[in-house]
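Subject: Structure for your files

Hello,

Here is the structure we spoke of. Please keep it with the notes below.

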Amino acid sequence: VIFYSGLRPEEDIHFAAANVAHVHLKDKLGGKQVCNFPGLGQGDIDFTRIFDTLEQAGYQGPFSIEIELTHETERNGELIDKAFVDSLAYLRKLKWFEQLT
């Protein structure tokens, strides 16, 4: 949403929350057309606000995680692995993801 339109997902999600069937998690640094997608919890996305909105709408569906980083690092397996581990650690701190092991 930010990359293509400059809109904030935290402000946009409530329009569709009742109809969401799958959530694809991806963090973001920078604005429109800035290709910088760090691990979850390392960017500017307020995931707590998004998860709260989804919870209020009764969402119980699946989540997936995408680690892209930047164009320069997107194919660096070591950096992607670290970003994924860091993303899981971040999600464990949130109430929806307490069951992650």
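The notes cover an aspartate, then the aromatic rings.

This is a predicted model, in which local features need pLDDT of at least 70 and side-chain atom pairs count only at pLDDT 80 or more, while totals for chains, interfaces and linings use all residues. Residues are numbered from 1 along each chain as its sequence is written, and side-chain values use heavy atoms, with hydrogens and water left out.

Asp 27 sits in the loop between strand S1 (23-25) and strand S2 (36-37); strands are DSSP runs of E, at least two residues, and helices runs of H or I, at least four, numbered from the N terminus. Asp 27 is buried without a salt bridge, and the nearest side chain of opposite charge, Arg 8, is 6.9 Å away. Buried means under 20% relative accessible area (1.4 Å probe, protein chains only); a salt bridge needs a side-chain nitrogen of Lys or Arg within 4 Å of a carboxyl oxygen of Asp or Glu. A polar atom of the Asp 27 side chain lies 3.4 Å from the backbone nitrogen of Asp 44 and 3.1 Å from that of Ile 45.

The whole structure has six aromatic pairs (Phe, Tyr or Trp rings, the six-membered one for Trp, with centres within 6.5 Å; stacked under 30 degrees between planes, edge-to-face over 60, the rest tilted). Phe 3 and Phe 37 make a tilted pair, 6.0 Å centre to centre with 50° between the planes. Phe 3 is in helix H1 (residues 2-5) and Phe 37 in strand S2, so this pair ties together parts 34 residues apart in sequence.

Regards

Conventions. Buried means under 20% relative accessible area, exposed over 50%, partly exposed in between (1.4 Å probe, protein chains only). Lys and Arg count as positive and Asp and Glu as negative; His and the chain ends are not counted. A polar contact is a pair of N or O atoms within 3.5 Å; within protein, one must be able to donate a hydrogen and the other to accept it, and residues adjacent in sequence count only if both atoms are side-chain atoms.
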